[in-house]
Amino acid sequence: MKKVLQQKLYLSKEQENSLDSILFLCKKFYNYLISIDKKHKELFDKYLTKTELFRQCAIIKHSDSKYSLIHSHLLQDVAKRLYLAKQS
């Protein structure tokens, strides 16, 4: 039988501000991907695939310096969540 331990994390003000800024950028990134997906639908009459969304992550991360603070895996997770939300 597995045991689950819970422990509250006490963050410093600096860590809390850093997490808040990362979450804010992820929210902006999600909305930006939605707008790209809608434009793609209007132009080509189909939505972006999962692979194309991941490619957009790399393009956006390298073209915009504010997203360089966020790990690529986190941006891909945001894109994957968008893709799964469209599927349901």
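Student: Is aspartate 37 buried or exposed?
Tutor: Buried means under 20% relative accessible area, exposed over 50%, partly exposed in between (1.4 Å probe, protein chains only). Aspartate 37 is buried, at 3%. Keep in mind that this is a predicted model, where local features need pLDDT of at least 70, side-chain atom pairs count only at pLDDT 80 or more, and totals for chains, interfaces and linings use all residues. Residues are numbered from 1 along each chain as its sequence is written, and side-chain values use heavy atoms, without hydrogens and water.

Student: Which side chain meets aspartate 37 in a salt bridge?
Tutor: A salt bridge puts a side-chain nitrogen of Lys or Arg within 4 Å of a carboxyl oxygen of Asp or Glu. Here the partner of aspartate 37 is lysine 86, at 2.9 Å, N to O. Lysine 86 sits in helix α3 (residues 72-87) and aspartate 37 in helix α1, so the pair ties together parts 49 residues apart in sequence. Helices are DSSP runs (H or I, at least four residues), numbered from the N terminus. Lysine 86 is partly exposed, at 27%.

Student: How many salt bridges does the whole structure have?
Tutor: Four. Among them is lysine 41 with aspartate 45, at 3.6 Å, N to O; aspartate 45 is exposed, at 60%. Another joins lysine 66 and aspartate 64, with the closest N and O atoms 3.9 Å apart.

Student: What about lysine 61, which is buried yet has no salt bridge?
Tutor: Its nearest oppositely charged side chain, aspartate 64, is 11 Å away. A polar atom of the lysine 61 side chain does lie 2.3 Å from the backbone oxygen of isoleucine 70.

Technical notes. Lys and Arg count as positive and Asp and Glu as negative; His and the chain ends are not counted. A polar contact is a pair of N or O atoms within 3.5 Å; within protein, one must be able to donate a hydrogen and the other to accept it, and residues adjacent in sequence count only if both atoms are side-chain atoms. Helices (H or I, at least four residues) and strands (E, at least two) are DSSP runs, numbered from the N terminus.
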